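The entries below follow the order in which I looked things up.

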Amino acid sequence: MECGAPGGLAGRGGGQGAGDDAALAGALYARGRALNRLGQSQEALGALLECVAFLPGGQLRAQALAWREAACAQRNLACDSEALEYLGLALRLAQEAADPALEVDLIEDLAQAHAGQEDHGAALHALHGSLRVRRTLPGQPGLAHTLVRLAQVQLRACAPAAGGPGTGAAASTPDASPAGGDGPDLQAAQGTLLEALHLLDGPSGPRGADEPDPGERLALRGEAHSALAHVHLRRGDPAAAQESALAALAALRQAGATRQALQVLPELARAQVAQGEAASALAGLRAALTLNPRTCCWPSTPRCI
């Protein structure tokens, strides 16, 4: 697939009123967002670039959101340079719009992109900065999301050299096979995940504009449990790892995050094998391959949340 280019996105002229343009842009954004989540990223990108073309020039936040979603489509198409360019543009628009919550979201997206390119230092620097800002915002919107992303990068940064399945930028588990150890990085990641789960398992209350919907919240809880399963395996506690992996599977499947749920299965299988349950581990993996013959590869495309 070809990577989309940002050219030709100046505001549309002609006889349509600004209200009509804004309504059409909103419909195109919704279409692009939906297509992204259905894995049709090339079609999503086309809709999102057309959305930007119709957006009135003064709607800076809406433009930033559209470029952010377009960056997600570019990442799914393995066009990393274009994704970073789009994220940079979205960040500038969010800054011009004086929207600190969206600005922090975009900083985290850039951190995730850096982590996907193995630049863990830059990713951690950005996420720690994001975390400091989140804690100062009224109501601390998005704090759990930041904590989960920080823990995932912390685990990648301290992973052993050997690689494993799930090498994508948004894999629910780090890019390494588990190994024993209980260093400060693992302890920090575990503490970060437990704080995130404390927030996610508590009452959600009324949802603000910058908070995830119930399905996204459920998927984020699944990601946190999945990363925690990896921590437990690395620390030599397969029973706790199995419990966390099962919790991750339940949350991700309920949220409809099929690919992320599949990425939990290797952690669950390792935990079962470590407890002498090799037959159960093999049966679970075979069942997944039978039920999901097309999606049971280890995807390198991130899920957009």
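**Helix H8 against helix H9**

I note to begin with that H8 and H9 are roughly antiparallel to each other. I was working from a predicted model. For this pair I looked up the crossing angle, which is roughly 150° between the axes of H8 (residues 184-201) and H9 (residues 214-234).

On the H8 side they include Leu-186, Gln-190, Leu-193, Leu-194 and Leu-197. On the H9 side they include Leu-220, Ala-224, Leu-228 and Val-231, together with Arg-217, Arg-221 and Arg-234. By class, the contact of H8 with H9 has 11 nonpolar, three polar and four charged residues.

**Helix H5 against helix H6**

I repeated the look-up for H5 (residues 100-116) and H6 (residues 120-136), whose axes come within 8 Å and cross at roughly 160°. H5 and H6 are therefore roughly antiparallel to each other. The crossing of H5 over H6 is left-handed. Among the H5 residues in this contact I found Ala-101, Val-104, Ile-107, Glu-108 and Ala-111; H6 contributes residues including Ala-123, Ala-126, Leu-127, Val-133 and Arg-134. The contact of H5 with H6 divides into 10 nonpolar, three polar and three charged residues.

I next examined Asp-237, which lies in the loop between H9 and helix H10 (238-255). Is Asp-237 buried, exposed or partly exposed? I found Asp-237 partly exposed, because its relative accessible area is 34%. I also noted that the C-alpha atoms of Asp-237 and Ala-271 are separated by 8.2 Å, with the two residues 34 apart along the chain.

**The chain as a whole**

I counted 12 helices and zero strands in the secondary structure. Of the 305 residues in the chain, 49% are buried. Among contacts with a separation of 6 or more, 62% join residues 24 or more positions apart.

**Confidence**

I recorded a mean pLDDT of 80 for the chain, with 78% of its residues at 70 or more. Where does pLDDT stay under 50? I found one such stretch at residues 162-178, for which the model has 58 contacts beyond four places in sequence. Another is residues 293-303, with 27 contacts beyond four places in sequence.

Key. Residues are numbered from 1 along each chain as its sequence is written. This is a predicted model: local features need pLDDT of at least 70, side-chain atom pairs count only at pLDDT 80 or more; totals for chains, interfaces and linings use all residues. Side-chain values use heavy atoms; hydrogens and water are left out. Axes are lines fitted to C-alpha atoms, for helices over the stretch in contact, and angles run from 0 to 180 degrees between N-to-C directions. Helices (H or I, at least four residues) and strands (E, at least two) are DSSP runs, numbered from the N terminus. Angles under 35 degrees count as roughly parallel, over 145 as roughly antiparallel, 65 to 115 as roughly perpendicular and the rest as oblique. Contact means heavy atoms within 4.5 Å. Ala, Val, Leu, Ile, Met, Phe, Trp, Tyr, Cys and Pro count as nonpolar, Asp, Glu, Lys and Arg as charged, and the others, Gly among them, as polar. pLDDT is the predictor's confidence in each residue, from 0 to 100. Buried means under 20% relative accessible area, exposed over 50%, partly exposed in between (1.4 Å probe, protein chains only). A crossing is left-handed if the near helix is turned anticlockwise from the far one by less than a right angle, and right-handed if clockwise.
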